[in-house]
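User: I would like to learn how to read the features of a model like this one. Can we go through it step by step?

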Amino acid sequence: MLFIVALIGILVVSLIIVIKSADVFVDSIVEIGGAMGISQIILGVTASAVGTSLPEFGSAVIASLTGATDLGVGTVIGSNIWNIAGILGISATVAGVIGTSKTGLTRDWLMTLITGLVLLFFMIFGDISWPAAIIMIIAYCIYLWLLIRAHKKYSAENHSEGETQENQVNKDHLEDNLGEESYESRKSVSKKTYAYVVMGLVGLIVGCRLLVYSADELGTIFGISNMVMGLFVLAVGTSIPELVVTLSSAMKGLHDLSLGTVLGSNTFNILIGIGVPALLMNVPVDRISLTFDAPAMIFITVLLMALIKMGKGKLNRWGGIILMITYMSYAVIRIFVLA
């Protein structure tokens, strides 16, 4: 009994370590990038989605390296389902409505859908190996390039009107992450910042290792498969950063950031979260994951767009409720029927 309590404590503490380490790591990298003259556009595009996805990515990599590959794959797929059905569902229900930008929504949603279909395609052929991993990583680089180009075009078109709203959102988000000190005033980087990068990276590695160990042990004790532990316990736990950013953005009316964070995170989770581990070793495909989890992820992605269309370009409260009910239905079927 004491061992179980200790494992639960390790699980909770390691989650806190992973999330805080990811925050410190991204904040420090952004500060260094700004001091080196890297475009605010590039920093704004990458900081939110990539930063909030680091816990899932770290867990997937560590799980693969320690032989618990199912745990890593489950974390990625489960996180993507939770991000849309859980996080956007909760945010829309609480905020009342989440507006959308047609251009950005179409681009990010299509990329999320295509990414899910690509993953499902590779899963059909069995283990996901290095050729598939290379395609996934290249696809993410292309997506990142499209994002940067779109931001540059938007900035150029609205330059005469002063600072654009989207850049302001990115800048505000970065300022929130970096602290109260003015974003423009950060011209030099102290040694402390480089130390924070190292500390954040070490914290991620140690925290993810403890996270995977405790989840693996708890699953063994309670007879829960690694895939189910990844799909729900780790997926929801490591998605706390997305929940915080998305919910706060929705409450503040920063709708593009709400949807952009979730969709960008989902794309990163699959293409990098599975792509990088697949470079290191073959990622095995669980049969239920192929026949139920991955199709459920794609269905929920399509459902999101359908609800936005029904809401005339907005995800309203009823849409949010439908998403939450869909997630609960998925969880019940997966845990009590198919597990």
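User: Where is L279 found, and is it buried, partly exposed or exposed?

Analyst: Start with relative accessible area. Buried means under 20%, exposed means over 50%, and partly exposed lies in between. This is a predicted model, so treat each value as computed. L279 is found in helix α11. Its relative accessible area is 42%, so L279 is partly exposed.

User: Which residues form the nonpolar patch on the surface?

Analyst: To join a patch, a residue needs over 30% relative accessible area. L279 has 42%. The nonpolar patch holds L65, W130, I134, I138, I142, W145, L279 and L280. Together they have about 820 Å² of accessible area. The most comes from α5, with five residues.

User: How do I set that against the surface of the chain?

Analyst: Look at the total and at its atom types. The accessible surface of the chain comes to about 15300 Å². Carbon and sulfur atoms hold 69% of that surface.

User: Now the inside. What share of the residues is buried?

Analyst: Of the 339 residues in the chain, 51% are buried. The chain has 13 helices and two strands. Next, ask how far apart in sequence the contacting residues lie. Among contacts with a separation of 6 or more, 85% are between residues 24 or more positions apart.

User: Which residues of the largest nonpolar core touch the most other members?

Analyst: A core is a set of buried nonpolar residues joined through side-chain atoms. The largest one has 58 residues. I81, L88, L119, I128, L304, L315 and L323 touch the most other members. Several helices each supply at least two residues of this core, among them α3 (69-95), α4 (102-124), α12 (287-310) and α13 (317-338). There is also a second, separate core of 24 residues, which includes I32, V197, L204 and V212.

User: What does L315 touch?

Analyst: Leave out residues up to four places away in sequence. L315 then touches L88, A92, V97, I98, L304, L307, I308, G320 and L323.

User: And T75: buried or exposed?

Analyst: T75 sits in helix α3. Its relative accessibility is 0%, so T75 counts as buried. With residues up to four places away left out, T75 touches E56, S59, G230, L231, L234, A235 and T238.

User: How many aromatic pairs are there?

Analyst: For ring pairs, check the distance between centres, then the angle between planes. The count comes to ten aromatic pairs. One of them is F57 with F268, at 6.0 Å centre to centre and 70° between the planes. An angle over 60 degrees counts as edge-to-face, and the F57 and F268 pair is of that kind. It links distant parts of the chain: F57 is in helix α2 and F268 in helix α10, 211 residues apart. F57 is partly exposed, with a relative accessible area of 21%. F268, at 6%, counts as buried. Ring pairs also link W82, F232, F292, Y327 and Y330 into a cluster.

User: One backbone feature to finish. What is phi of K312 near?

Analyst: Phi of K312 is near 55°, a positive value in a residue other than glycine. K312 is found in the loop between α12 and β2 (314-316). Its relative accessible area is 78%, so K312 is exposed.

Definitions and conventions:
Residues numbered from 1 in each chain as written. Predicted model: local features only at pLDDT ≥ 70, side-chain atom pairs only at ≥ 80, totals over all residues. Heavy atoms only, no water. Helix = DSSP H or I, 4+ residues; strand = E, 2+ residues; numbered from the N terminus. Buried < 20%, exposed > 50% of the residue type's maximum accessible area, 1.4 Å probe, protein only. Contact = heavy atoms within 4.5 Å. Areas by Shrake-Rupley, 256 points an atom, 1.4 Å probe, with all protein chains shown as cover. Core = buried A, V, L, I, M, F, W, Y, C linked by side-chain atoms within 4.5 Å. Phe/Tyr/Trp six-rings, centres within 6.5 Å; stacked < 30°, edge-to-face > 60°. Patch = residues over 30% accessible without salt bridge, like charges linked within 9 Å, V, L, I, M, F, W, Y side chains within 5 Å. Salt bridge = Lys/Arg side-chain N within 4 Å of Asp/Glu carboxyl O.
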